[in-house]
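The sequence and structure are shown first.

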Amino acid sequence: MAYPTDAGKTPSDRPRRHRRCGFTLIELLVVMAIVATLISIVAPRYFRATDDARESALKANLQSLRESIDRFHADRGVYPDALADLIEKHYLRAIPADPMTGSATTWQTLPYPGSDSSAVYDVRSGSQGTALNGEPYANW
């Protein structure tokens, strides 16, 4: 019994098998439209979340600085002359960075109200920006 072979046949005589080796332009456009829609939904939430995180970090840093100033005053009976005194006397390991400006040198120090002394009574952010609730960071 003889078996049929492709011997002697030219490539045009063989049956063609159609194989898809890629995506059509329409399929690519549909996928790109879906991805763009998802990004337009997620991106504003992501940026809002990063702003919320920076505001939370600012509140925590302000609270830490203010507590250290208060402990310094409770222990020594005077307010520190500068924020660097808090590090020197071991009330802080380092001055935290202002998350809005990215620098530890932009903090605004305030003296005791009604006092002629320049000692640090309070600290505020040096940022000129505005919080998500509309209040300037410099007022926190």
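## Overall fold

Helices (H or I, at least four residues) and strands (E, at least two) are taken here as DSSP runs, numbered from the N terminus. On that basis, the protein has two helices and two strands. Their order along the sequence follows the pattern α-α-β-β. The model is a predicted one.

Helix H1 spans residues 25-76, and helix H2 spans 84-88. Strand S1 covers 108-110, while strand S2 covers 122-124. The protein contains 140 residues, of which 21% are buried.

## Nonpolar core and surface patch

In soluble globular proteins, nonpolar side chains tend to be buried together. The largest nonpolar core of this model has 19 residues, and the members that touch the most others are Leu-58, Leu-83, Leu-86 and Trp-107. Helix H1 is the greatest contributor to this core, supplying five residues.

Val-30 counts as partly exposed because its relative accessibility is 45%, a value between the limits of 20% and 50%.

## Aromatic pairs

A pair of aromatic rings is described by the distance of the centres and the angle of the planes. Six aromatic pairs are found when the whole structure is searched. One of them joins Tyr-79 and Tyr-112 in a stacked arrangement, with 6.1 Å from centre to centre and 25° between the planes. Tyr-79 belongs to the loop between H1 and H2, and Tyr-112 to the loop between S1 and S2, so this pair ties together parts separated by 33 residues in sequence.

The two partners have their own accessibility classes: Tyr-79 is buried, at 19% relative accessibility, whereas Tyr-112 is partly exposed, at 42%. Tyr-112 also pairs with Tyr-121; the ring centres lie 4.8 Å apart and the planes meet at 85°, so this pair is edge-to-face. Tyr-121 is partly exposed, with a relative accessibility of 32%. Through these ring pairs, Tyr-79, Tyr-112 and Tyr-121 are linked into a cluster.

## Charges over rings

## Loop between H2 and S1

Most residues other than glycine have a negative phi, and most peptide bonds are trans. His-90 has a positive phi, near 65°, although this residue is not glycine. His-90 is located in the loop between helix H2 and strand S1. With a relative accessible area of 70%, His-90 is exposed.

Thr-106 is located in the loop between H2 and S1 and is partly exposed, at 22% relative accessibility. The C-alpha atoms of Thr-106 and Arg-124 are 9.1 Å apart in space, and the two residues are 18 residues apart in sequence.

Definitions and conventions:
Residues are numbered from 1 along each chain as its sequence is written. This is a predicted model: local features need pLDDT of at least 70, side-chain atom pairs count only at pLDDT 80 or more; totals for chains, interfaces and linings use all residues. Side-chain values use heavy atoms; hydrogens and water are left out. A nonpolar core is a set of buried Ala, Val, Leu, Ile, Met, Phe, Trp, Tyr and Cys residues joined through side-chain atoms within 4.5 Å. Buried means under 20% relative accessible area, exposed over 50%, partly exposed in between (1.4 Å probe, protein chains only). Rings of Phe, Tyr and Trp (its six-membered ring) pair if their centres lie within 6.5 Å; planes under 30 degrees apart count as stacked, over 60 as edge-to-face and the rest as tilted.
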